[in-house]
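Subject: Structure handover

Hi,

Here is the structure I promised to pass on to you. Please open it alongside this email, and then read on for what turned up in it.

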Amino acid sequence: MMINLRRQKEVRAVKRVLWCGFVLMFVFFFSTATLYADSKAYHVGCIFAITGKASWLGEPQKNTVEMLAQKINESGGIDGKKLVLHIEDTQGDNTRAVNAVKKLIKKFNVCAILGPSRSGTSMAAIPVAQAANIPLISCASAEIMLQPIEERGWIFKLAQNDSDAVRKIYDHLVKRGLKKVGVITGTTGFGAAGRDFLIKMAPEYGMEIVADETYAPGDTDMTAQLVKIRNSGAQVIVNWSIVPAQSIIPQNMKQLKMEIPLYQSHGFANIKYAQAAGEAAEGLIFPAARIMAVDTLPKRHPQYALMAEYKSEYESTYKDNVSTFGGHAYDGIHLLSGALEKVGDDPAEIRNYIENARFVGTGGIFCFSPKDHCGLDKTAFELLTVKNGKFVVLEP
Amino acid sequence: MTEIILELKKLRKNFGGVVAVDHMDLTVESGSITSMIGPNGAGKTTIFNLITGFLKPSAGNILYRNTDISGMKPHVIARKAIARTFQNVQVFPQMTVLENVMVGRHIRSKSGFIISVLVPPFCRREDKKNRTDAEKWLDYVGLGHESDKTAGSLSLGNQRKLEIARALAMEPKIILLDEPASGLNARETVVMGRLIEKIRKMDITVVLVEHDMELVMDISDQIGVINFGRCIATGNPAEIQSNPEVIAAYLGE
Amino acid sequence: MRHKDYMGLGILLLVIIFLPFVITNDYYLGVLVFTALNCLTCIGLCLLMGYAGQISLGHAAFYALGAYATGILTAKLGWSSWMAMGTGVIISAGVAFLVGVPSLRLKGHYLAMATLGFGAIIHIVLIAAVNMTGGPSGVVGIPSLHFFGIELNTDTRFFYFSWSTVIIGLLLALNLIHSRVGRGLRAIHGSEDAAGSSGVNTSVYKIKVFMVSAVYASVAGSLYANYVNYIDPGPFDVMHSVLLLTMVAVGGMHTIWGAITGATVLSLLPEFLSSMSDYFESLGLSYQPDYDTLIYGGILLLMMLFLPEGLVDGMNSIRRITSTMFIRARKKLVF
Amino acid sequence: MLRLVNVNSYFNLVHVLKNLSLHVNKGEIVTLIGANGAGKTTTLRSISSLHPVKGGRIYFNDLDITHLRTEKLVKMGIAQVPEGRQIFWPMTVRDNLELGGYLTFKTDGKKALRAGIDRMYELFPILRERKRQYAGTLSGGEQQMLAIAMALMAKPDLLLLDEPSMGLAPLIVKEIFRVILELREQIGLTVLLVEQNASSALKIADRGYVIETGKIIIEAQASALLENQEVKRAYLGRDKRKMWE
Amino acid sequence: MESGGFTDFLQFIFMGLQRGCIYALVAMGFNIIYSATGVINFAQGEFVVLGGLMMVTLTTGFGLSIVFAFLISTLFVTIIGILMERCTINPVKKPTVLRLIIITIAVSILLKGVAMIIWGKGSHYMRHFSGSDPFVIAGATILPQTLWIIGILGVIVVAFVVFFNLTMTGKSMRACAINRDAACLAGINDRNMVMLSFALSAGIGAVAGIIVTPIIQMDYARGALLGLKGFGVAVVGGLGNSLGAVIAGILVGVLEALSGGYISSHYMDAIALLILLLVLFVRPSGLFGSSEASRLKEF
């Protein structure tokens with residue numbers, strides 16, 4: 001009996017220690033809640049995939065917004081108010097993205113959110129922002145994010161439309177008289193969206209999809225898929241992916257001595273991919289934002305000045321190549337700082353401002369409207385090619 | 001004439017090329033204490049494993065009350081009221097002593113997964129009965145005061161008793177004890193001997209594998225001596241002690 | 001069920017009832033909702049690992065089955081959420097049966113590999129079966145749950161609902177553990193041989209408990225889909241299975257309370273770290289989110305090095321040490 | 001040469017060795033006999049540190065070796081032939097012998113190793129015939145010889161032999177014991193022999209200890225033990241004949 | 001280019017060989033540590049990543065020759081393996097398998113974090129070792145880098161056979177894995193052997209990373225993916241059996257390539273995995289594992 005009593009006491013003590021631990025943790029966890037009650041500043045939230053499997057997307061975006069915010073604040077802020085960025089990391093994970101958006105909205109009371117970087121995380125974050133009536137400006141490309149438009153009134157996106165990239169490619173194919181298309185896509189959200197549009201829009205352009213293959217991000221060799229495409233009699237291959245593995249396709253094609261033209265998606269817009277593919281990448285064609293080939297762009301192009309400045313600043317600050325992804329963040333901050341300057345930090349006002357915004361960005365010439373929350377069309381793309389290991393504008 | 005409860009007929013077990021049990025014949029009378037002795041590695045535990053279904057015999061039969069049980073799964077054999085203990089005690093260390101014995105009540109109760117999750121009244125009643133039964137068996141082996149401890153914290157002697165209590169809780173007809181006294185000190189061994197005799201008095205047949213010869217000689221009705229997988233002699237303790245073959249097997253020539 | 005479990009449940013219930021009054025910020029409630037989902041899955045996994053002694057590196061797959069059953073049936077076919085959740089449970093249990101029958105004959109690393117392979121296959125199917133699952137683009141527009149006419153569309157409501165589910169799941173799991181069947185399961189973990197010779201049908205029990213743990217994961221998955229309103233294959237990869245396993249092991253897999261502790265601590269840790277980084281930055285220190293990974297790994301490593309039996313057990317020994325110190329100090333004072 | 005003083009040892013919960021003390025003089029063959037489970041093997045494992053000792057001291061050549069690591073002890077000259085012929089089954093006989101001479105190889109190099117192996121082949125000619133075979137395919141007696149040869153490869157001063165006769169036919173047991181005697185003649189090896197098979201062990205031993213449930217109950221000259229009725233009691237229990245007749 | 005049934009088949013086999021050799025190398029790393037400790041080292045994938053990243057830095061960053069960079073990277077990762085063993089595995093007093101596994105998971109997270117901070121988040125590429133002009137065999141083509149991979153795997157397998165069968169250290173490592181007690185009684189220091197096993201498997205991981213980087217572009221987060229595949233291959237080959245790992249690795253690679261080529265590239269990994277699972281169900285201890293070994297090492 002004595003033993004029993006003592007045991008029960010022990011058990012109680014254990015429980016007490018346990019819960020004390022929890023309570024302590026909670027207290028510490030929540031104690032930082034009111035650290036940011038600075039009303040003399042504009043609070044903007046940013047969520048990017050800074051670490052994790054898509055960190056190569058989020059990293060340049062984070063760098064870009066930090067660089068811009070510093071520049072803005074050094075030159076006196078917006079209307080004399082500081083621009084405070086709250087940057088959260090999604091790790092490319094949907095759950096984290098939801099938490100991060102909530103944190104930005106509820107804890108930091110941000111007036112608008114820039115990001116997330118990926119389509120999946122954006123899709124997960126959208127219902128939260130929509131329900132909270134906070135504008136969310138995604139840096140991902142999936143058009144499904146904006147649909148249906150009446151339910152996504154608070155959602156915008158800065159990346160060019162996948163469908164426009166497909167249009168750009170198909171236009172070019174029509175011009176060259178190629179009809180039989182072999183499609184090969186990576187199994188990520190980006191690849192799947194592209195595959196969808198490639199198949200859906202083919203009849204519109206009189207294209208025939210003769211092969212439809214995929215590869216996983218970790219694959220090391222795609223000759224099996226390419227052999228299948230070769231046997232299908234395709235006249236052209238479209239490789240749609242955003243992961244590094246896509247560089248293997250041109251190499252495998254060269255290995256298989258396939259001489260049909262290769263088109264890549266705007267996901268190829270990373271000079272490292274071209275460098276990794278080496279000479280095999282020479283001559284492939286892909287639609288991309290002009291920032292990727294700013295040096296070969298005519299100087300009179302309306303985007304030229306802006307992009308050249310961004311490129312030189314970014315590359316000197318971070319010793320890294322500029323990318324379209326960082327460009328989205330650049331456009332986002334420009335858009336938001338414009339909004340804040342004009343209408344202050346009321347979310348609804350910002351939303352209305354963006355719905356009618358027109359400006360020149362790195363991604364193209366934006367022209368938002370209540371019906372179009374992307375504001376870009378296929379003119380945002382330029383067909384680029386790889387020449388001597390560099391991206392250059394394709395000679396018409 | 002007493003009934004024969006267990007009969008091994010030409011039992012044979014080989015692991016690859018190694019013959020562990022060979023041409024083994026043994027009959028166990030109901031209500032008796034039968035001991036199996038023999039040097040290390042003679043195949044005694046293998047015989048237990050064959051009887052309780054952990055191993056399948058390579059040849060031969062095991063008859064339990066005249067039905068062949070060779071090759072059945074352990075839990076099926078357990079349901080036929082054959083209980084056993086293990087050479088290196090196998091209590092459930094994370095569970096309390098009482099819960100250990102309640103596991104022994106497994107075959108005497110029914111509630112399945114869904115009932116266990118929802119706990120309807122009849123399940124509660126069954127559980128309560130199991131608990132009182134288990135307590136009874138704990139008292140029987142003399143562990144009533146330890147029921148709330150975790151089994152892993154008991155001394156070895158008590159773990160052996162607990163194992164026996166768990167086996168008895170199955171209300172077995174026959175109980176196979178694998179070295180119940182190994183690792184026990186002299187006093188504990190005496191207590192164990194008394195416990196085994198007490199079990200026999202309940203009309204439960206006991207089959208024993210044991211190295212402690214004092215214990216074996218004290219309590220056995222019948223002893224089988226096993227060497228190299230064969231039964232080299234059977235008889236009462238006095239016969240065994242004077243059997244030259246047995247002495248040779250043990251002490252060498 | 002034992003006294004201390006009732007006490008634990010009571011305390012947990014009280015904490016949950018009053019927490020939303022203390023924490024008025026929906027963000028924290030949202031974090032705690034995900035914590036609840038992890039707790040639910042870990043309860044099931046703990047039944048399997050801690051009580052039946054079988055390992056699974058494929059539990060994210062059951063989480064996915066639940067989520068996708070809810071997602072596809074509600075968003076695409078317009079079923080009610082409850083029906084969808086039930087169907088998910090049935091599908092998960094069925095799949096667990098089919099996978100469990102051949103897999104649970106395997107042991108140790110081989111079992112781990114079989115379940116891991118199963119998890120990987122399910123993940124590939126989620127990506128590749130575009131027509132059904134939407135592929136990497138996922139399923140959109142999953143409706144929120146309705147509970148007796150109340151739409152669970154705010155964080156507070158869903159917080160209460162998800163934690164109620166955890167409590168019910170905990171209650172049922174504790175019932176199971178302290179029942180005849182539960183004793184059989186724990187017996188299997190203690191010694192499979194002794195359990196068999198006590199009449200426990202070890203192979204059937206293993207399969208059944210695998211199914212039960214799949215059901216827990218499936219319910220958690222359905223709740224995830226209903227809460228986030230969007231699913232894609234991302235959260236259901238093998239690494240999530242590994243994370244779940246880690247949660248159970250860190251908490252201490254021998255008690256359900258350990259699993260819950262582990263799930264809570266590891267679910268809150270990243271948010272905690274990111275709060276820390278805010279704190280550091282408010283102090284003017286530069287802190288990169290990159291360090292989170294390092295600190296996370298470091299904490300996990302230290303926990304495993306110094307609290308081998310998990311947090312709950314570790315706390316017990318800390319308490320034991322402090323109490324003996326206390327007693328000694330008191331003795332000194334008396335004399 | 002070897003002295004155990006009040007050694008205690010536990011196996012999980014079981015108090016296996018209870019204040020066990022014994023000694024082995026240089027050049028002696030001492031046997032430790034007793035029934036199954038009496039603690040014979042644990043004694044040997046405790047000496048070679050394969051099993052932790054709790055309480056008590058072990059001295060070798062007057063050095064305290066109680067808590068030294070196994071490989072240190074081997075280096076000092078204590079070799080053990082473990083119970084149950086624990087050779088490396090999937091490796092060849094020659095590989096096994098080489099591993100036995102691991103330390104020789106480390107200190108004296110390849111030549112010494114080869115010489116050692118050749119000596120073992122002389123001692124156990126059957127091993128030379130079998131040198132390319134996998135150890136697992138040898139017969140029981142050959143395996144036992146290999147195990148002993150492996151231990152001898154370490155050039156020990158003291159050999160701990162754990163039940164070399166277990167499961168072997170009497171003729172082979174005789175052969176093995178013959179070799180042990182020969183070794184003592186040749187190189188003055190000291191042997192501590194643990195045996196269940198008391199008669200044959202006592203025939204070659206100088207001195208013997210009888211161990212019962214972790215305690216030494218008798219210590220005497222081997223010839224005296226052979227006649228001792230107590231020894232039989234330790235194995236077969238109290239004499240029941242009187243009671244039954 | 002002509003194409004036909006056989007040419008295509010050969011092409012798929014080449015592809016399978018390339019993938020399979022990489023799996024085999026990773027799996028061999030798992031096996032070495034498993035043999036010595038009974039633990040699956042979840043940080044194995046990180047060794048691969050570190051090897052690859054180090055190689056990129058040394059060749060493209062410091063301009064070292066490939067051979068030299070190869071050696072230094074391998075050495076670097078080997079040292080990390082040794083450090084890992086000394087700091088996290090060796091101090092564990094009561095090692096249970098599950099505990100050690102979680103420790104290796106923690107180490108893998110740590111190493112990943114370190115790699116992220118040092119090498120950043122982008123992918124890193126390097127040139128193929130000797131150009132990228134393919135060789136043509138019966139109409140099918142094979143890249144020189146693939147030949148390098150196959151060759152290096154071959155060299156490592158031979159080196160392994162020599163090391164574990166002909167050298168004393170190798171034999172004593174095997175002895176430790178077979179019977180720890182008996183090895184100690186032969187005077188072998190088992191703890192050093194465990195350390196050596198970490199060193200070796202880290203080294204092999206590094207080699208795998210180095211030869212695969214020219215193909216896949218290495219980034220810090222790639223370890224998990226490579227590791228999981230390698231783990232599967234190691235298990236199916238029979239844990240602790242390096243030859244089994246090589247055969248199973250190539251089998252898996254070829255199965256993937258064939259199912260990708262003839263059935264569906266969408267499900268190629270799933271089909272290969274399914275076949276692996278079936279193999280496991282038929283032979284519960286892997287293709288070449290012994291059933292006793294699998295019974296001994298449980299959680």
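One definition to start with: a residue is called buried under 20% relative accessible area, exposed over 50%, and partly exposed in between, with a 1.4 Å probe and protein chains only. This is a predicted model, in which local features need pLDDT of at least 70 and side-chain atom pairs count only at pLDDT 80 or more, while totals for chains, interfaces and linings use all residues. Residues are numbered from 1 along each chain as its sequence is written, chains are lettered from A and ligands numbered from 1 in the order in which they are written, and side-chain values use heavy atoms, with hydrogens and water left out.

D181(E) pairs with R45(D) at 3.0 Å, N to O. D181(E) sits in helix α7 (residues 180-185) of chain E and R45(D) in helix α1 (residues 40-47) of chain D, so this bridge joins two chains; helices here are DSSP runs (H or I, at least four residues) and strands likewise (E, at least two), numbered from the N terminus. D181(E) is partly exposed at 23% relative accessibility, and R45(D) is partly exposed at 23%.

K171(E) and D95(D) form another salt bridge, with the closest N and O atoms 2.9 Å apart. It also joins two chains, because K171(E) lies in helix α6 (residues 168-178) of chain E and D95(D) in helix α3 (residues 93-100) of chain D. Here K171(E) is buried at 3% relative accessibility, and D95(D) is buried at 10%.

Within chain D, R178(D) bridges to E182(D) at 2.5 Å between the closest N and O atoms. Both lie in helix α7 of chain D, four residues apart, about one turn of the helix. Shared partners also link D219(A), R19(E), K229(E), E256(E) and D269(E) into one salt-bridge network.

Now the interface of chains A and E. Counting contact as heavy atoms within 4.5 Å, chain A brings 38 residues and chain E brings 39. Together the two chains bury about 3,200 Å², 49% of it on carbon and sulfur atoms; buried area is the accessible area (1.4 Å probe) that two parts lose on being put together, summed over both. T220(A), Q255(A) and K257(A) supply 18% of what chain A buries against chain E, more than any other three residues.

Four salt bridges span this interface, and D219(A) forms one with R19(E), the closest N and O atoms being 2.8 Å apart.

Finally, chain D has two domains by an automatic or database domain assignment: domain 1 (2-77 + 157-244) and domain 2 (88-155). Their C-alpha centres lie 24 Å apart. Domain 1 of chain D gives 17 residues to the contact and domain 2 of chain D gives twelve. About 1,100 Å² is buried between these domains, with carbon and sulfur atoms giving 82%. How many salt bridges are there between domain 1 of chain D and domain 2 of chain D? The count is zero.

Best wishes

Definitions and conventions. Salt bridge = Lys/Arg side-chain N within 4 Å of Asp/Glu carboxyl O.
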